[in-house]
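Open the model in your viewer and keep the selection tool ready. The stops below follow one another as selections.

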Amino acid sequence: MQLMPIGFAQADVFATTLLAQMSKPVQIAIFVGTLVVIFVMMIIGFFLLSMLRWWIQSVFTGAGVSLGDLVGMYFRKVKASVIVPSKIMAVQAGLDDPEITTKSLEAHYMAGGNVPLVIRSLIAANKAKTIQLSFREASAIDLAGRNVLEAVQTSVYPRVIDCPARGSAKKSLDAVAQDGIQLKVRARVTVRSNLQQLIGGAKEETIIARVGEGIVSAIGSEKHTSVLENPDVISKTVLARRLDSQTAFEIVSIDIADIDVGDNIGARLEADQAEADTRVARARAEGRRAMAVAQEQENIAGIEEMRAKLVEAEADVPKAMADSFRAGKLAILDYYKLRNVQADTDMRKSISTAGEKRTSQPGS
């Protein structure tokens, strides 16, 4: 078939004739392709409309977020509903930090940070006019897991921490004065955030522990009457130690809320020491008594041993006398004289023993 030039009036007739000459499968393919193109165009249209809304807001607020940035956010899976309002807040609040760019906000979002919280903290710091906080520092604090907005608010409006902390098992700090009197103290510590040391700085628990330690040490160096008369001595002593070093807070003041007099710990300790000394002395005396008893038993054993030797020696006397009789060295008369001497000796011994018994009886 030869195609020839035709006019615009004959275009419809030509198209109808051409479609009629086409086969049915070709017509179906063209119809399906047309539907696919229409569907793709609708998706692109909805996508552009959603991006167009954020782009229009950016243009009218001067946020500087281009349409290309919005398309890039979509493919990088960054929520434009987070980045664009945050950038608008920063621009409308007059933040002049050059690091607050669309790329930096996207990078902080993809790192897992809370972009709106960081921007609100920067706005609060800027309005306070006494806090120097950059976007880099705020994002670093946020990525470190700290609530940067709460830190800025605490820096502007100091917070009061109870010492001991509320909810703890102990209701007061128990300290012993120089004269041994126990004092029960409750203190209140006013702190504000130190943004330069917020990353890596110790938390409130460290402040409470250090202040408690300082109060106990300060009371221990004074008499309880002096502490009761001038409680501010404790505050001045504790503040002079710079307990807020290497912490995320700066101590503004330490106020003694309440002081109660407890037990006389010194007297109790002295009584316990005296009791302990008494027990030690008793133990030592018991040891000496046991040693004396043991020594007495040893002496008795020695006496019995000597008596046994004496009996053994006396048993040899008859043998010696028998040998003397056989050898003719001892006569019968000599033997009787020896027996008379022994009898006289036994009689004298019995008389002396009876006299000692009579004198030892009461009333004699």
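Begin at Glu150, which is partly exposed at 38% relative accessibility (between the cut-offs for buried, under 20% relative accessible area, and exposed, over 50%, with a 1.4 Å probe and protein chains only). Before moving on, note that this is a predicted model, in which local features need pLDDT of at least 70, side-chain atom pairs count only at pLDDT 80 or more, and totals for chains, interfaces and linings use all residues. Residues are numbered from 1 along each chain as its sequence is written, and side-chain values use heavy atoms, with hydrogens and water left out.

**Stop 1: the partner of Glu150.** Arg159 and Glu150 form a salt bridge, with 3.5 Å between the closest N and O atoms. The term means a side-chain nitrogen of Lys or Arg within 4 Å of a carboxyl oxygen of Asp or Glu. Arg159 is partly exposed too, at 27%. How many salt bridges does the structure hold? There are 14.

**Stop 2: Glu106 and Arg76.** Select both side chains. They form a salt bridge, and their closest N and O atoms are 2.8 Å apart. Glu106 sits in helix H5 (residues 102-110), while Arg76 is in the loop between helix H3 (67-75) and helix H4 (80-92), so the pair ties together parts that are 30 residues apart in sequence. Helices here are DSSP runs (H or I, at least four residues), numbered from the N terminus. Is Glu106 buried or exposed? Glu106 is buried, at 2% relative accessibility. Arg76 is partly exposed, at 34%.

**Stop 3: helix H12.** Now select residues 265-327, which make up helix H12. Within it, show Arg289 and Glu286. Their side chains meet in a salt bridge at 2.7 Å, N to O. The two residues are three apart in the helix, which means a separation of about one helical turn. Arg289 has a relative accessible area of 48% and is partly exposed. Glu286 is also partly exposed, with 41%.

**Stop 4: Leu52.** Finish in helix H2 (residues 24-61), where Leu52 is found. Leu52 is partly exposed, at 34%.
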